[in-house]
Amino acid sequence: MKYRITHITKYSYSDPAPVCHNQVHLAPRALPGQTCDEFRLLVTPTPSHRGNRADYFGNRIDYFAIDEPHVGLTVTAQSLLSVTSPPTAPMDDSTPWETVAHSLKRPMSPETLAAAQFVFPSHHIPYDKLLSDYALTSFSAGAPVVAACQDLTRRIHTDFRYDPKATNVNTPVHDVMLRRAGVCQDFAHLQIAMLRTLGLAARYVSGYLRTMPPPGKPRLIGADASHAWLSVFCGPQGWVDFDPTNNVIPSSDHITLAWGRDYADVCPIQGVFVGGGSHSMTISVDVNPLGET
Amino acid sequence: MSQSQSQSSSSPVSPAATNVRPSLLTSYASPTGTFDEARLPNGTLREPWNKLIRQLDQLGTNELIDRWATAERLVHENGIAYSAFGTPSEAARPWQLDPLPLLIREAEWQNVAAGLQQRAALLEALLADLFGPQTLLTNGVLPPDFVHLHPGFRLPYHRHKATSQNYLQCYAADLARATDGSWWVLGDRTEAPSGLGFALENRVVLSAMLPNIFRESHVQRLAPFFISLREALRSLAPKRKENPRIVMLSQGPGNRNYFEDAYLSRYLGYTLAEGADLSVRSNQVMLKTLGGLLPVEVLLRRPNSEDCDPLELNGFSQLGATGLLQAVRSRTVAVANAFGSGLAESPIVMAFLPRLCQALFGEDLKIPGVATWWCGEASSLTHVLANLGKLVIKPAFRQRGGERQLVKELQELPLEQLAERIKANPRHYVGQERITRSSIPRWDNGNVQTAFVALRAFAVYANGAHHVLPGGLARTFGSSESLELSLASGEGSKDTWILADKPVEHVTLLSPHKHALQLRRGGMDLPSRVADNVFWLGRLVERAEASARLLRTVVTRLTSETGSSTLVEMPLLIRALVDNGQIEPGFAVEGIKQQLPSFERSLPAMVQDASHPGSLRSILDEVFRVASKVRDRISIDSWRIMVRIDEAFRPPDQHCDLADLLTMINELLIDLAAFSGMVMESMTRTEVFRFLDLGRRLERAVQTVQLVNSCFVDSGKIPGELLEAILEIGDSLMTYRARYHADLQLAPVLDLLLTDDTNPRSLAFQLEAIEQHVISLPRYECQVGYSSEQRLAMTMLHTVRMADMEAISELYHLGNQEQLERILIDLDTKLPVLSNAISHRYLIHIGPSRQMNDIELHIE
């Protein structure tokens, strides 16, 4: 599937801000099933300085700074890319989850070593006993890891209410668990946290969903905005994505921007500014399918 | 140095004398079970101590006490007491210096230094690997927990490409001697090691106190180390710039390291800056100065790594500069120590160091570290749990600043609870062997006591090698507990003497450079924040002087034999005190004569009332507070005067009467004059001087206008006594008498106070100086015509110059005060406007930075 994506973020301030510095994770990652043909980042007013680099996980970071007083900032990310559906992960004959967890304890191969860092707690995801109890229902002894993860994805989708008013960016996972409500970021954090308490490696994926569903299919939650889901290390099957917000295994409707240990690593736009008085922000995302490749 | 001492030290010691036990250490009892620095187990003195104690004995205890008193005074005045705002009343030099140094012979020290060099190189290699290829993890030398559980491992520190910059320009280690006399490392400091300033200060004080003994002992000099440090930082500059701008990034006066920062930056010749003084523009770190933004090439960093860039790291910190990390990646600036270097100072590192040394260098550690077990390994956990009572339990990952409290908390837990705590989270704890530190004599006001000593040693990486400071900061403790725990038992500090066998070469930091410096004038580097503080220091010092002069005139009259109630000028002088804000307004009303007795009684207390904003005491508190913020900008002598002023102007005891007050005011005025003289004679005419003097002139103008206003407007008939009092306050009585003898009249008094531009106390003189300063302030090149500050200054000067004092006085005597009043009101309005205009143009900062993520951002 080919997509044209336009992601516009607008800030406006009541007083001029003399300086601002920003870094953004808005460029789609190059992946086996995902090729980015074009990426453009437009910033107004024109930055005095800009550049890009790869972060620790290999995601592209664009950074820029504005040195002159400004009362607004518009960041427009435009990408043109093609996505193919990944091969479906074998569900029932995947490795038992304990075997995967064990391999991460004493990582021997470069793959398990690279995965092992996603077992550790991170900024938004501390260890929490409450979570492992919930998760264990899906992870019976010897359960195949992919099937168990998918069962957990399904249960979160069923047991948790999608409610943008229930949480904000800084709501701890623990509170999400107690409230049984949240948004995609919360569900991704929640499932990652559960898997990590079991000793599995799970990472946070930031990206988009296609805006208009294919004919006859329901419109998915999280279109018209940034979306988030997770990816789990499943041993020989490698990394498999799960979207607890929509109870699906992402395929060609999901576009991956970046991954990290949690939201803090891949926040779409980060910035520090001086002055500015009171301020507001609007976001719009348009994921426009251009047809099959 | 007394005559007898210098003679006897060169004369051969008679055989009889060697049998006499040196007296200084007679009362010193070396404890059993430790290595004693001074005595051998058989009770005789070790060799270097034998010589030192003999030399000290020749000086005699009394001479030593005298000299020590002088040295302590020096320590005190230099402002080693570095509490938050340098308030000496809360004097808080954390390490009381004592005159008995720690003595180490060169041969022994060379082994220690070699061990430290190896250790620094090892930690350097560790950091380069963990923030780079991480082969130590892939090879299984270190468990993944080592980095991924470490709060100091932040992703932005990671280097994709190997860069030439080392992590550890500065390295420090805490050392102690075990019972067999061998040295052990207790801990490493790699983030931003502190203590170097104290080591230097201790040396300066002690070598000044015992110059001959110091010289004869062949003590190795510290200066070469600091030359290496400067070279280390200079060579970091991007593109190897020859004369880079090096700035010490301090955590500011609120931090406990501030004294050191100020002391070291002055010694090394670097600008002392805080986060608010820096700004990253077009990927280049800039210092905000009066002359505009100036590029900074090297930062000597004191805040923790994570506090240095709110964009990529701790978003709430104001200690660094937004965009700093990217500037470092782009190599427009270098930071020492490199970001992330604090990772190596965690206790968990010590558990792996012997293995690391084998894995990386194929050798054993040359200087052992205290045995450490990381509870994340099963066998270590078992060992720690089995020996819980014998070990010190520490968090495996060090959070700089918070460790002491945590270790103490763990220490106080009952053993069962401690075991539970460790078992619940074994990977977060280490157990460490307890080290009994060596004992050493500590001098305490003529008595010698037993203390236990730890030594902080320093190394700097320059020209491809780690250079170890021949010396260090010796810290002494009343107990032999672990470093984190023994703070409460009282800390002291000592100079450390590395004793060479032959005389050492004298080196100074002033040694010639390879390349000649380009001559420079002026001080474009002055951060706006400093200019602001200096401006206010000028205003406050002048305010203190004006207040003290007015007060003295009042107190002199109250204590005169005439009796205050008969003095006709008294009501107006008291009104001036009220207008000046020095006392509560209650006293200004009619019938002051009845209130005089109570006024006299309560005046000393009112003057000392620090809670009343206009009182002389609170003005002096402000003076001191502001002065301590710019301590690095005023000379050491000027600072000493500041300390003196702050200390001397305090009531001698509970009962302070008017006579005491008068004495204190007189002394204060002399000190203030000394400060002004110091400023006039010693301060280079740079922007610092300009803003200081501008502040003074403005304040003096404000005070003069106010005084004339209080005494002459709405005051009825002017008695000659009042004129005399006003001349006295305005320090112009002598001039008046020389010109007009005893005949006191209004017109010449007003002329002398307001319009006589030859009198440095007159209003006209202040306005002329202000105009000159304002003209010379840095200006934007594109600006056309006069600035608003210039126009204001010129208008006021014109008003005063055009005022005809004879005509005004004549009208005044006829009952028409309007003309005088109009001029005074005009000036009274414009002076604050001028002050604000200067602040707006040069001094006001842009506000603190904010996170964009504070703006509600919701991902659906």
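## Domains of chain B

The C-alpha centres of domain 1 and domain 2 of chain B are 56 Å apart. Please keep in mind as you look around that this is a predicted model. Chain B has its domain 1 at 371-433 and its domain 2 at 526-682.

## Where the two chains touch

Let's turn to the contact between the chains. Chain A brings 40 residues to it, and chain B brings 32 residues. On the side of chain B that touches chain A, the elements giving two or more residues are the helices α6 (135-138) and α12 (324-329) together with the strands β6 (278-281) and β19 (849-851).

What is the make-up of this side of chain B, in nonpolar, polar and charged residues? It divides into 15 polar, twelve nonpolar and five charged residues.

## An open sheet in chain A

Chain A holds an open sheet of four strands, and its order reads β3-β6-β1-β14 with antiparallel pairing. The edges belong to β3 (34-44) and β14 (279-291) of chain A; each has a single partner strand, so one side of each has no neighbour in the sheet. On average, neighbouring strands here are turned by 10° against each other, direction ignored.

Strand β3(A) runs antiparallel to β6 (residues 70-83) of chain A, and ten bridges join the two. Which residue of β6(A) stands opposite L41(A)? That place is taken by A77(A). In general, strands of a sheet pair through backbone hydrogen bonds, in either a parallel or an antiparallel way.

Key:
Residues are numbered from 1 along each chain as its sequence is written. Chains are lettered from A and ligands numbered from 1 in the order in which they are written. This is a predicted model: local features need pLDDT of at least 70, side-chain atom pairs count only at pLDDT 80 or more; totals for chains, interfaces and linings use all residues. Domain bounds come from an automatic or database domain assignment. Two residues are in contact if their C-beta atoms, placed from the backbone, lie within 7 Å. Ala, Val, Leu, Ile, Met, Phe, Trp, Tyr, Cys and Pro count as nonpolar, Asp, Glu, Lys and Arg as charged, and the others, Gly among them, as polar. Two strands pair if DSSP finds at least two bridges between them. Axes are lines fitted to C-alpha atoms, for helices over the stretch in contact, and angles run from 0 to 180 degrees between N-to-C directions.
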